[in-house]
Protein chains: 2
Amino acid sequence: MKFLEVPKRLLLGRPMRSDRLGETLLKKRIALPIFASDALSSVAYAPQEIFLVLSIAGTTYFHSSIWLALGVAFLMLVVVASYRQNVHAYPSGGGDYEVAMVNIGPTGALTVASALLVDYVLTVAVSVAAGVDNLGSAIHPVGEHKVVVAMVVIVVLTLINLRGVKEAGLTFAVPTYAFAFGVLLLITWGLFKDFVLGDDLKAPTADYQIVTDHRSYAGLALVFLMLRAFASGCAALTGVEAIANGVPAFREPKSKNAATTLAIMGTIAVTMFAGLVALGLRSHIKLSEHPESEILINGLPAGPDYHQDPIIAQVAAAVFGDGSFAFVYLAAVTAMILFFAANTAYNGFPLLASVLAHDRFLPRQLRQRGDRLAYSNGIVLLAVAAAGLVYAFDAEVTRLIQLYIIGVFVSFTLGQIGMVRHWTRLLGTEPDPAVRAKMRRSRVVNSIGLSATGTVLVIVLVTKFTHGAYLVLIAMPILFAIMKGIRKHYDRLVVELTPPKDAGLTLPSRIHGVVLISRLHTPALRALAFARASRFDTLTAVTVQISPEATAHLTREWATRDIPVPLTVLDSPYRDVTGPVVDYVRSIRRSSPRDVVCVFIPEYVVGRWWEQLLHNQTALRLKARLLFQPGVMVTSVPWQLGSAESLEARRAGASGSGEEPPSPHGVLD
Amino acid sequence: MKFLEVPKRLLLGRPMRSDRLGETLLKKRIALPIFASDALSSVAYAPQEIFLVLSIAGTTYFHSSIWLALGVAFLMLVVVASYRQNVHAYPSGGGDYEVAMVNIGPTGALTVASALLVDYVLTVAVSVAAGVDNLGSAIHPVGEHKVVVAMVVIVVLTLINLRGVKEAGLTFAVPTYAFAFGVLLLITWGLFKDFVLGDDLKAPTADYQIVTDHRSYAGLALVFLMLRAFASGCAALTGVEAIANGVPAFREPKSKNAATTLAIMGTIAVTMFAGLVALGLRSHIKLSEHPESEILINGLPAGPDYHQDPIIAQVAAAVFGDGSFAFVYLAAVTAMILFFAANTAYNGFPLLASVLAHDRFLPRQLRQRGDRLAYSNGIVLLAVAAAGLVYAFDAEVTRLIQLYIIGVFVSFTLGQIGMVRHWTRLLGTEPDPAVRAKMRRSRVVNSIGLSATGTVLVIVLVTKFTHGAYLVLIAMPILFAIMKGIRKHYDRLVVELTPPKDAGLTLPSRIHGVVLISRLHTPALRALAFARASRFDTLTAVTVQISPEATAHLTREWATRDIPVPLTVLDSPYRDVTGPVVDYVRSIRRSSPRDVVCVFIPEYVVGRWWEQLLHNQTALRLKARLLFQPGVMVTSVPWQLGSAESLEARRAGASGSGEEPPSPHGVLD
């Protein structure tokens, strides 16, 4: 639409030429914030999930949190090590999807793809919701309108990404570094205060009590709870695969740069995760899944107005003091990095969708870059899905997080299976012993990765299933089936559309011209003239009789103007134009099946969108129906009204890029 | 859409032939309930509006209600008498609109039309809301979900009317008579009990007190309040014009039958209105605009949970006893007639819209009857507007009624001005003294009608302006301007589309064929063959280069298949197909402006709606853009895929009436 062009350009920038694609490749120090913000930001919510689950059994079990944290940290290092192998072996950006495709086959690859697509959407939803929560700890009105704020954030992210990936990187670099700096400072200063200065850290919630369900947790129940806490903490691992999937966006040498970035990211993430759990434990924070009833303040339930601050805010209050500059700084940068973490998915999802579209598993509209060289359709699709989730779950992090990380671990596990097979296959043909030794080492790394991620996947599935994870287990197979169906459609299309090897042009025997007439206005005269000039084998004008008076008037005028084309009148008792015309065309084809019918439709074209509303859409309906008749060509003979001409003149004067026309079609009457 | 066809037929019935139109004409005893249900039903809310306004000054002024009721009744008789003149003079169903058009001119007529269109919408909104209120007095859950129930009622009414007017009449006859019978019985038995048996009638609210604002009403303020109460009571007059506008739906002799129906309706309505006010007064009912705070029960405010029953329910409780069979019967038939009153607008609005569309003031889609011979588009338009109002005003009768009746009185007044002019004009040419005397009598009747309705219009405007009437005074001019604009568009169209008197067919000098090629698939080969068979003066194939590899592949295959048409490659740095093609076509036209270009677009057609989503809409965009180029014909050469063929086969086997195709267009790639 013309009137959308100016705001579109203001928001998104001018269209970019295809040969500028190289300019959007990323340096390591820009790629780190873009692709690692997801993994780093998850330390803003993953540690507290451990406490939230442990709180079910009571604060006495909080001390286990540090062991669980170390478990998560160890898992993180294993996964990072595994993925450094992937990055070198498969640098094309297909990530686990490509690894599974090559080494397991299409079904494995499509499973990975379904899992990752779901998880990208959840990354946006969880990160934005958590970001709004953190922002709410400093600015209380934000906490009260979580859903609205989250929607606004999603819209802003979408616009930024539609502008293109390079500007996004520059915009996002500063806050990611600011966050890492802030959290590391918090941990260092906090541990220094605690262990060196001997200060007693005290979170704002340190004096509260937590109500437990008075079951004594022991044996299997306790093990299950611990595993659930561990599974929740594993949210910290989301985002590791983003770098592996983003290799093509790195500068050369792509694989090496990506592997280095991965290692840096892993180290920072592990440090922050373990540090925050330790400080949370030392400052006696109290967190609960249902704080309004299960947190007691001076022996009374906290009530529905209680706002449970996230772990970073509480630890920051303990270390720097509530409301201090450092506290506000941390709330701000935490919110920022979480929003930018959502941005990781804005890079990953459209890239994966494009790969899938290229393999004909998704609509081909997702394959192409938009006029700013970003994958616009994929970006919009992701935004809509994420906004839907945020709305459906009221932007509640704890509820959203139950659906999260299943996809990641499905993808991790299948990817590692693929990598082990990859090395085994290569080892079968590689003669050089030095290379073979390196391959064996890689296979050991990936095997460890496989057993670790496989185990965690089982733990996550078992402990989270009833808490919402089943929704993902429904969504994934549906996505899988849809992608299978799409592939089937495109495959059938190739068969149907490919001509025989030796096929040339087989001309039809004859062409019958049919001109559709409603009234003898200028467009009709013009269509008749063009049809005559086409010199087809036969030529007839056809009119559908809705009222006998109108038909009589038409035949009179036909005679007066001395039109040298015979006029056929078709009857229509149900006041329908399409049916009789289709029947007529079909009858011509029936009597001579090897001929072709060319139907001329006189149309006039209006220039303003509202003018379109003032006319019947008969021409459109008729054309749509005729397209289904074999051996029929449909020729629109447009007549431009004054408003259409001035629109086209304005359009021709404009920048030249493809603007949308205001009216999608001409009108018959 | 195919999948909508079966539910459509189940809900709306089979399509009807045009020549069955005569069968839908109405007998008097069927026309009365259809066209008079609006006027009769308004006694269900108009009397209580008088009490509501008087309550502002306190119950001491309730005794004035009977005088105000007599005023309204007198006005009703004057208006009925006036409209009996209209029905005879203008039997074509144009009503006040036609009268104003003939005797005042287009501006007057359009003012009437704007007023009536707004009021029809309000008729639906007010009647449905009041119906739900009455239903709520017997079934309490209905009162608690007023908006939802009102929406459901509007949907049901819409479906009934889309089935066609005759079945609607039969369905509606019984409840209208049941209502008239019930209310007349209530009044007769109530007055008998009160005056003959000497029983003391006592409404459920008889013992409550009403809080006044402690101002003593006197002088101008009292007069103003009385006038406002009178103006509110005038809601009883809505619907009188429905019969005048519905004359064409009557059986012959149309005018006489319509005039008789009008007289019967007027008598019944006046009796019921006055009777209900009298019984309300005698049974000491208490009604207030803000019952939650202004009604006192045992000295305490009624509070937000208080449900103020409408007047008929209260009087019925006083006469027959609360919860008695007669009470429930009256609540049910009152609700029913109010819903059916909304139906009056479903008859009037589409008829008026059709007349306006015929005069080119509204889109021509409103002019034609749907396949069930009802004006489907007008019915749907009315339903959407009314549902919007009900939603916006929370289905509150008292708030909606503030907007009501302005339109009716604007229309009444202009109609009467027109009628007075009508008689004056006829008197200027009529020689027969007997006829002249009759005309003079008619003119006196209409003059009385004019002064009465004009006075009431002023009263309504002045007393209701700040209570919401201003909204109508904004909406009416907007509607007026829109209709003027539409007329201007159609008028310009006539000028632009009418060929010169002696214009015949002027053939173009030459036709240049251009075939658009993306890949050499079957549809492309077919389009090339058809284009060759058309034997135009020149023929070129054109492809837009998005990627050099694809173009190289195409040119290789072109050579292999030995296609006897030259291939032109257009460059497109911004990955846009439309722009380069339009530029190319324009360049041909520039070098030879008297020639015509025929662009062949190979398309393939899929049969399932979701398959459409899997393809770019390039063909559609391109066609839309080419339609704006002068001297260009656009020829679609469709290729039906398997799914499209089977769809068309199913469709050809179906009933023959025009079903919608599932996909509105073919796809280029």
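Guide: Helices here are DSSP runs of H or I with at least four residues, strands are E runs with at least two, and both are numbered from the N terminus. By those terms, Asp562(A) sits in the loop between helix 22 (548–561) and strand 6 (567–571) of chain A. One caution: the model is predicted.

Visitor: What makes the phi of Asp562(A) worth a remark?

Guide: The angle is near 60 degrees, a positive value, and the residue is not a glycine.

Visitor: Is Asp562(A) buried or exposed, and how do you know?

Guide: Its relative accessible area is 62%. Exposed means over 50%. Asp562(A) is therefore exposed.

Visitor: What is the phi of Arg535(B), and where does the residue lie?

Guide: Phi is about 50 degrees, positive again in a residue that is not a glycine. Arg535(B) is in the loop between helix 21 (522–533) and strand 5 (538–545) of chain B.

Visitor: Now chain A as a whole. How many helices and strands are there?

Guide: Chain A has 26 helices and 8 strands. Its C-alpha atoms fill a box of roughly 110 × 65 × 50 Å along the principal axes. Of its 669 residues, 58% are buried. Chain A exposes about 26,200 Å², with 64% of that supplied by carbon and sulfur atoms.

Visitor: What share of the contacts in chain A comes from residues 24 or more positions apart?

Guide: The share is 83%, taken over contacts with a separation of 6 or more.

Visitor: Why is Ala317(A) called buried?

Guide: Its relative accessible area is 10%. The cut-off for buried is under 20%, so the label applies. Ala317(A) is in helix 14 (residues 311–320) of chain A. Its C-alpha is 6.3 Å from that of Ala203(A), 114 residues away along the chain. Neighbours within four places aside, Ala317(A) contacts Pro204(A), Asp322(A) and Phe327(A).

Visitor: Which residues make the nonpolar surface patch of about 600 Å²?

Guide: Phe465(A), Tyr470(A), Leu471(A), Leu473(A), Ile474(A), Ile478(A) and Ile482(A) make it.

Visitor: How many disulfides are counted over all chains?

Guide: The count is 0.

Visitor: What makes Lys202(B) and Asp207(B) a salt bridge?

Guide: The rule asks for a side-chain nitrogen of Lys or Arg within 4 Å of a carboxyl oxygen of Asp or Glu. This pair has 3.0 Å from N to O, so it meets the rule. Lys202(B) is partly exposed, at 47%. Over all chains, 25 salt bridges are counted.

Visitor: How far apart are the closest N and O atoms of Arg360(B) and Asp491(B)?

Guide: They are 2.9 Å apart, and the two residues form a salt bridge. The pair links distant parts of the chain, 131 residues apart. Arg360(B) is in the loop between helix 15 (325–358) and helix 16 (376–392) of chain B, while Asp491(B) is in helix 20 (residues 469–497) of chain B. Arg360(B) is partly exposed at 29%, and Asp491(B) is partly exposed at 29%.

Visitor: What does the salt bridge of Lys623(B) and Glu603(B) tie together?

Guide: Their closest N and O atoms are 2.8 Å apart. Lys623(B) is in helix 25 (residues 618–626) of chain B and Glu603(B) in strand 7 (residues 596–605) of chain B, so parts 20 residues apart in sequence are tied together. Both Lys623(B) and Glu603(B) are buried.

Visitor: Which residues are linked in a network of salt bridges?

Guide: Asp133(A), Lys146(A) and Glu396(A) are linked that way.

Visitor: What span is expected for helix 10 of chain B?

Guide: Helix 10 (residues 219–233) has 15 residues, and 21 Å is expected at 1.5 Å a residue. From first C-alpha to last, the helix reaches 21 Å, close to that value. Its buried residues include Leu225(B), Met226(B) and Phe230(B). The buried residues pack against helix 3 (46–54), helix 4 (65–89), helix 12 (254–282) and helix 19 (433–464) of chain B.

Note on methods: Residues numbered from 1 in each chain as written. Chains lettered and ligands numbered in written order. Predicted model: local features only at pLDDT ≥ 70, side-chain atom pairs only at ≥ 80, totals over all residues. Heavy atoms only, no water. Expected span 1.5 Å × (residues − 1). Buried < 20%, exposed > 50% of the residue type's maximum accessible area, 1.4 Å probe, protein only. Contact = heavy atoms within 4.5 Å. Patch = residues over 30% accessible without salt bridge, like charges linked within 9 Å, V, L, I, M, F, W, Y side chains within 5 Å. Areas by Shrake-Rupley, 256 points an atom, 1.4 Å probe, with all protein chains shown as cover. Disulfide = S-S within 2.5 Å.
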